[in-house]
Amino acid sequence: MYLGTHARKRPDHPALIMAGSGETISYGELDARSNRLAQLFYARGLRPGDHVAIFTENHPVFFDAMWAAFRSGLYWTPINSHLTPDEAAYIASDCGARALITTTTLGEAAAALVARAPLEIRLMADTGGALVSGYERYEDAVAVHPPTPLADEREGWQMMYSSGTTGRPKGILPPLPDLRPGDPHPLADSSRNLFGFGEDTIYLSPAPLYHAAPSVTSSIVQRWGGTVVCMERFDAEQCLACIERYRITQAQFVPTMFVRMLKLPEAVRRRYDVSSLRLAQ
């Protein structure tokens, strides 16, 4: 149940595949990437109980940030990439984030956060756009740090926000677990029993990672050494194509996704081999 264990046992096994581009991040690579970011956080003064915010589209850097927080004893909060600058700034400020990870894709909204959220560390991954003033280029910032674990790793946790349908979104702050990476993990243990996650799992995550279910479930699959196939965005037919292409064993959908797939013409639905799918959550 520890990223570093899978990196040592099966360094070349895919931890993450981006469904559209096919970009693949192995366990060895994800371990090194998240370690570099964890080392950066520590060098910049973040300590267990501090908070980082992740403001990205579905992108590999989301997993770097999530795992860096998990192995540093930090809370991490995903921010909906479709929020207005004011809405995003509210969450970044309200959760007390000291660091924010974003991408050049969200440059316009990210620019507004410079003045509106009191962030000490602002890192922006290069997705082909321009680097925004007030941000460091993510790739350069992490490159100077070692790809090795912190000397004193502790489990971090997620802090999610409500949707805000009846007012401002509300943060739910659970107590930080008194765990070391690799200790029995309550969410991972229960999910294995419920959903059968393991090293042979190939899990399709078609939803935005800023929601709790896809991001947390993806992390649990990776705790058990499985592969996460992450769609950049949901498309009904492409979802079926992903199941066939990557031999998906487990997937997670909301009702609207089922409806859109069922509304596809029967000829389209029958075009794809989805026999590998064992469970749809």
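This is a predicted model: local features need pLDDT of at least 70, side-chain atom pairs count only at pLDDT 80 or more; totals for chains, interfaces and linings use all residues.

Helices (H or I, at least four residues) and strands (E, at least two) are DSSP runs numbered from the N terminus, and two strands pair if DSSP finds at least two bridges between them. Strand β1 (residues 14-18) runs parallel to strand β12 (residues 227-230), to which 3 bridges join it, and Ile17 stands opposite Val229 in β12.

Arg247 counts as partly exposed because its relative accessibility is 33%, where buried means under 20% relative accessible area, exposed over 50% and partly exposed in between (1.4 Å probe, protein chains only).

With a disulfide defined as a pair of cysteine sulfur atoms within 2.5 Å, the count comes to 0 disulfides. Two of the cysteines are listed here.

| Cysteine | Nearest cysteine sulfur | Distance |
|---|---|---|
| Cys230 | Cys242 | 10.0 Å |
| Cys239 | Cys242 | 6.5 Å |

Cys230 counts as buried, at 0% relative accessibility, and Cys239 is buried with a relative accessible area of 0%.

Residues are numbered from 1 along each chain as its sequence is written, and side-chain values use heavy atoms, with hydrogens and water left out. Local features need pLDDT of at least 70 and side-chain atom pairs count only at pLDDT 80 or more, whereas totals for chains, interfaces and linings use all residues.
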